[in-house]
Amino acid sequence: SPLTVQRSDGNVGIGTDEPDTKLDVNGDKLRIREKHTPKSSSEPCSQGQMAWDDQYVYVCVAQDNWKRTELSSW
């Protein structure tokens with residue numbers, strides 16, 4: 001499989017030459033290298049953005065509307 005491919009429909013594949021969504025990663029992990037802690041649930045953001053820190057994963061669910069879920073060990 002190629003490392004990266006962009007098709008004429010705009011879909012991008014990493015590790016696949018037949019991406020079926022805008023970003024299709026053929027792997028078992030995604031990595032966001034840097035931590036970011038939103039200052040509040042209304043910190044400016046665009047829907048779909050994601051962030052993390054040592055205690056939570058954050059998702060922007062609507063314009064300027066963050067939600068978070070707590071992380072725990074198992």
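Residues are numbered from 1 along each chain as its sequence is written, and side-chain values use heavy atoms, with hydrogens and water left out. Because the model is predicted, local features need pLDDT of at least 70 and side-chain atom pairs count only at pLDDT 80 or more, while totals for chains, interfaces and linings use all residues.

**View 1. The disulfide of cysteine 45 and cysteine 60.** One disulfide (a pair of cysteine sulfur atoms within 2.5 Å) is found in a search of the whole structure. The sulfur atoms of cysteine 45 and cysteine 60 are 2.1 Å apart. The torsion about their S-S bond is about 70°, so the disulfide is right-handed. Cysteine 45 lies in the loop between strand S3 (23-25) and strand S4 (50-52), and cysteine 60 in strand S5 (residues 56-62), so the pair ties together parts that are 15 residues apart in sequence. Helices (H or I, at least four residues) and strands (E, at least two) are DSSP runs, numbered from the N terminus. Both cysteine 45 and cysteine 60 are buried, where buried means under 20% relative accessible area, exposed over 50% and partly exposed in between (1.4 Å probe, protein chains only).

**View 2. The hairpin of S5 and S6.** S5 pairs with strand S6 (residues 65-70) in the antiparallel sense, over six bridges; two strands pair if DSSP finds at least two bridges between them. Alanine 62 has asparagine 65 in S6 as its bridge partner. Two residues lie between the strands of this hairpin, and aspartate 64 takes a positive phi near 55°.

**View 3. The open sheet S1-S2-S3.** Three strands form this sheet, and their pairing is mixed. Strand S1 (4-6) and S3 stand at the edges with a single partner strand each, so one side of each is left without a neighbour in the sheet. S1 and strand S2 (residues 12-14) run antiparallel and are joined by three bridges. Glutamine 6 stands opposite valine 12 in S2.

**View 4. Aspartate 53 in the loop between S4 and S5.** Aspartate 53 is buried yet has no salt bridge, that is, a side-chain nitrogen of Lys or Arg within 4 Å of a carboxyl oxygen of Asp or Glu. The nearest side chain of opposite charge is arginine 68, 6.7 Å away; Lys and Arg count as positive and Asp and Glu as negative, with His and the chain ends not counted. The side chain of aspartate 53 makes a polar contact with the side chain of threonine 37 (2.7 Å). The side chain of aspartate 53 also reaches the backbone nitrogen of glutamine 55 at 2.9 Å. A polar contact is a pair of N or O atoms within 3.5 Å; within protein, one must be able to donate a hydrogen and the other to accept it, and residues adjacent in sequence count only if both atoms are side-chain atoms.
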